[in-house]
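Colleague: I have a model open and some questions about it. Can we go through them in turn?

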Amino acid sequence: IIGGTSAAPDEYPWFVRFTNTDGTTQGCAGSLVTDEFVLTAGHCLRGQGYEINPVTQTLLEVGKYCVDASCQNEVVTNVETVGVSLFFIHPDYNYNTFEYDFALLKLNEAVSISPIAMDQGQYSPLYDTTKELWVAGLGETDTGGGGVYPDKLLHTNVLYVEQSDCENSFTDVANIIDAMLCAIDDGKDGCQGDSGGPLYDKENDALVGIVSFGIGCASPIFPGVYSRISDQWDWIRKNICDNSDTLP
Ligand code: 4AZ
């Protein structure tokens, strides 16, 4: 996160960090959306020249806040570390264009942490260019790409960008489709390592986006691009409903 501040220790209990099985970071994040599903970006699992099988390679730390000894005394929520039993990458996900950058991970056991609600479209009509959304993560804090990472969860508030304005910003660079959402503010953005993590509507306590891509970080020209959850609500709902053990 560029231009961020520390989140409160109990503010994002549903924030998920991806680790390798040895506990080192996998450089991605997600959000707990039911007691046994995590929503993340497709590109956390597959991209140009890489493919991760989360069933064998990934452990999820649900409720992760502190990644360094310096903040251990601040931790007020539990972290539950769980493996993945199944995963679903959006069938239209394209790693060259970042279109449909969605994936769902099924946990190998249900957790007792409360999930975050998703925007099923009910909040989207309220988006305007004064709408503050929060991007949270453990990714880089330096636009120079110097590999500087925080010791605890950071977040920053960014403003919703009208779709046509975002399309114009990315002319000749990227195709901004309806399944994407853009947000920007001076000196504030997600960055490398924040991928898959939340774009959060605090006012409505709902998840509205997934950190997807950008051109650099905190560029004054290019907004941060997020997967728009409401646009693919049917895909998300169907995959969760068809594969849940715990939902009715
Ligand atoms: C990344 O590399 C990344 N400015 C994520 C988000 C943004 C840039 C890069 C948004 O994971």
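Colleague: Where does Ser244 lie relative to helix H3?
Modeller: Ser244 lies in the segment after helix H3, residues 233-243. Helices here are DSSP runs of H or I with at least four residues, strands are runs of E with at least two, and both are numbered from the N terminus. Residues are numbered from 1 along each chain as its sequence is written. This is a predicted model, in which local features need pLDDT of at least 70, side-chain atom pairs count only at pLDDT 80 or more, and totals for chains, interfaces and linings use all residues.

Colleague: Why does Ser244 count as partly exposed?
Modeller: Because Ser244 has 15 other C-beta atoms within 10 Å. Buried means 20 or more other C-beta atoms within 10 Å of the residue's own, exposed means 12 or fewer, and partly exposed is in between, with C-beta atoms placed from the backbone.

Colleague: And what does Ser244 touch?
Modeller: Thr34 and Glu36, not counting residues up to four places away in sequence. Contact means C-beta atoms, placed from the backbone, within 7 Å.

Colleague: Switching to the core. Which residues touch the most other members?
Modeller: Val38, Leu60, Ala136, Cys182, Ala183 and Leu199, in the largest nonpolar core, which has 66 residues. Strand S13, residues 180-184, gives the largest share of this core, five residues. Such a core is a set of buried Ala, Val, Leu, Ile, Met, Phe, Trp, Tyr and Cys residues joined through C-beta atoms within 7 Å.

Colleague: What is Ala136 in contact with, leaving aside neighbours within four places?
Modeller: Ala136 contacts Ala7, Tyr12, Phe15, Leu153, Leu154, His155, Gly197, Pro198 and Tyr200.

Colleague: How many helices and strands in the chain?
Modeller: Three helices and 16 strands. Of the 248 residues, 44% count as buried.

Colleague: Last topic, the ligand. Which residues are around the ligand?
Modeller: Asp189, Gly190, Cys191, Gln192, Asp194, Ser195, Val211, Phe213, Gly214, Cys217 and Gly224. A residue is included if its C-beta atom, placed from the backbone, lies within 6 Å of the molecule.

How values were computed:
Contact = placed C-beta atoms within 7 Å.
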